[in-house]
Amino acid sequence: MSRTLLLGLLVFLGVFRMSGQEREGNLRVGVNYGFGSELKNRNYTFTNHFYKAQLYYRLKETKHFEYEVLVQPEVNFGTHQLLNFYFVKPEEPDYLEKRAAYTKLKNIHEYVLNIGFLIRKPINKSLSVYFLGSIGPMITDTETERMSEGFAFADVLALGFSVKAQRFHFDVRPSIRHVSNAGLGSSNAGYNTKNIEFGVSYSLGKD
């Protein structure tokens with residue numbers, strides 16, 4: 001092992017040990033990766049995978065629970081296809097052309113800023129479970145039979161499991177997600193998906 005590599009390793013271990021001796025603060029930062037697909041139906045397919053930045057802030061801690069707010073910028077990559085072309089009604093203008101266009105497989109990009117509220121129940125010093133509800137604005141770049149291109153909202157309900165190792169938190173988070181535009185666009189049926197995501201976050205120390 002070279003002297004440079006050995007010196008770098010010693011510096012890293014020293015910094016990691018000092019950070020572990022600091023008191024844990026209320027702020028935590030991290031990243032998540034997840035994927036999912038549509039809830040079972042006969043009208044369409046939708047599969048997705050996504051990346052999220054995570055910013056947690058602990059508002060309050062009681063004897064049995066912790067309460068946190070969570071800010072989650074997200075990029076979502078989806079694929080969608082209309083299966084039941086009768087979903088596009090004959091009353092719609094140019095319905096035959098729309099059926100032909102919408103039954104083709106499409107790639108969809110979504111850009112989301114979710115704001116969530118989290119209730120955490122510690123099981124022991126390392127393990128906790130939590131319930132998360134979040135909502136936020138988003139932009140979608142592709143029009144489909146279910147939703148217009150442009151502005152919309154993403155709503156998420158999740159049940160999470162977290163393991164703490166020193167300042168690191170490792171998360172598994174199954175969730176249900178609904179996306180729609182609240183009637184702001186011409187199409188507003190939206191998508192409903194089941195997802196699972198995995199994440200790691202780091203607690204920042206107090207001064």
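I take helices (H or I, at least four residues) and strands (E, at least two) as DSSP runs, numbered from the N terminus. The model is predicted: local features need pLDDT of at least 70, side-chain atom pairs count only at pLDDT 80 or more, and totals for chains, interfaces and linings use all residues. Residues are numbered from 1 along each chain as its sequence is written, and side-chain values use heavy atoms, with hydrogens and water left out.

**Entry 1: the fold.** I found two helices and eight strands in the protein chain. Along the sequence I read α-β-β-β-α-β-β-β-β-β.

Entry 2: I looked up buried residues (under 20% relative accessible area; exposed is over 50%, partly exposed in between; 1.4 Å probe, protein chains only). They make up 37% of the 207 residues in the protein chain. Next came nonpolar cores, sets of buried Ala, Val, Leu, Ile, Met, Phe, Trp, Tyr and Cys residues joined through side-chain atoms within 4.5 Å. The largest has ten residues, including Tyr44, Phe46, Ile108 and Tyr191. Strands S2 (44–61), S4 (106–122) and S6 (150–165) each give two or more residues to this core. Another core, of six residues, lies apart from it and includes Leu70 and Tyr130.

**Entry 3: Lys194.** I located Lys194 in strand S8 (residues 191–205). Is Lys194 buried or partly exposed? Lys194 is partly exposed, at 40% relative accessible area. I then listed contacts (heavy atoms within 4.5 Å). Beyond its neighbours within four places in sequence, Lys194 touches residues including Phe35, Glu38 and Ile176. A polar atom of the Lys194 side chain lies 3.1 Å from the backbone oxygen of Glu38. Lys40 is 154 residues from Lys194 in sequence, yet their C-alpha atoms are 9.5 Å apart.

Notes
A polar contact is a pair of N or O atoms within 3.5 Å; within protein, one must be able to donate a hydrogen and the other to accept it, and residues adjacent in sequence count only if both atoms are side-chain atoms.
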